[in-house]
Amino acid sequence: MEHITHPFSELFEQLGLDASHEGIDHFLSSHRLPPEVELVEAPFWSKSQAGFLKEGLQDDSDWAEIIDQLNVSLR
C-alpha cells in the first residue's frame, strides 16, 4: 500500500480555507492554540472542519501526518 503525503495546501482546501501561501501564513499567524486545547476542539473550526480533522486522526488516514503538522504549527 502506497503512503500518500498531502501538502498543507491540500489540507487547507479540504477544510475550505484559503490554500494560497499567503492564506496559509495568515491563518497560522492569526490562530493560536494553548497546549491544553486539543486541535479538534479549537473554537475556530466549524463542526464539519473539526469532524474532518478528528476522523483523519482517529482513522490514522493519509491526512493524519499533515494534521499533526497543522497542530504543531498552531502552537
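A residue counts as buried under 20% relative accessible area, as exposed over 50%, and as partly exposed in between (1.4 Å probe, protein chains only). By that criterion, 32% of the 75 residues of the protein are buried.

The model is predicted: local features need pLDDT of at least 70, side-chain atom pairs count only at pLDDT 80 or more, and totals for chains, interfaces and linings use all residues. Residues are numbered from 1 along each chain as its sequence is written, and side-chain values use heavy atoms, with hydrogens and water left out.

**Whole chain.** Display the cartoon. The protein has four helices and zero strands, where helices (H or I, at least four residues) and strands (E, at least two) are DSSP runs numbered from the N terminus. The C-alpha trace spans about 35 × 25 × 20 Å along its principal axes.

**His6.** Next, select His6, in the segment before helix H1 (8-14). His6 is buried, its relative accessible area being 11%.

**Asp59.** Move to the loop between helix H3 (47-58) and helix H4 (64-73), where Asp59 lies. Is Asp59 buried or exposed? Asp59 is exposed, at a relative accessible area of 52%.
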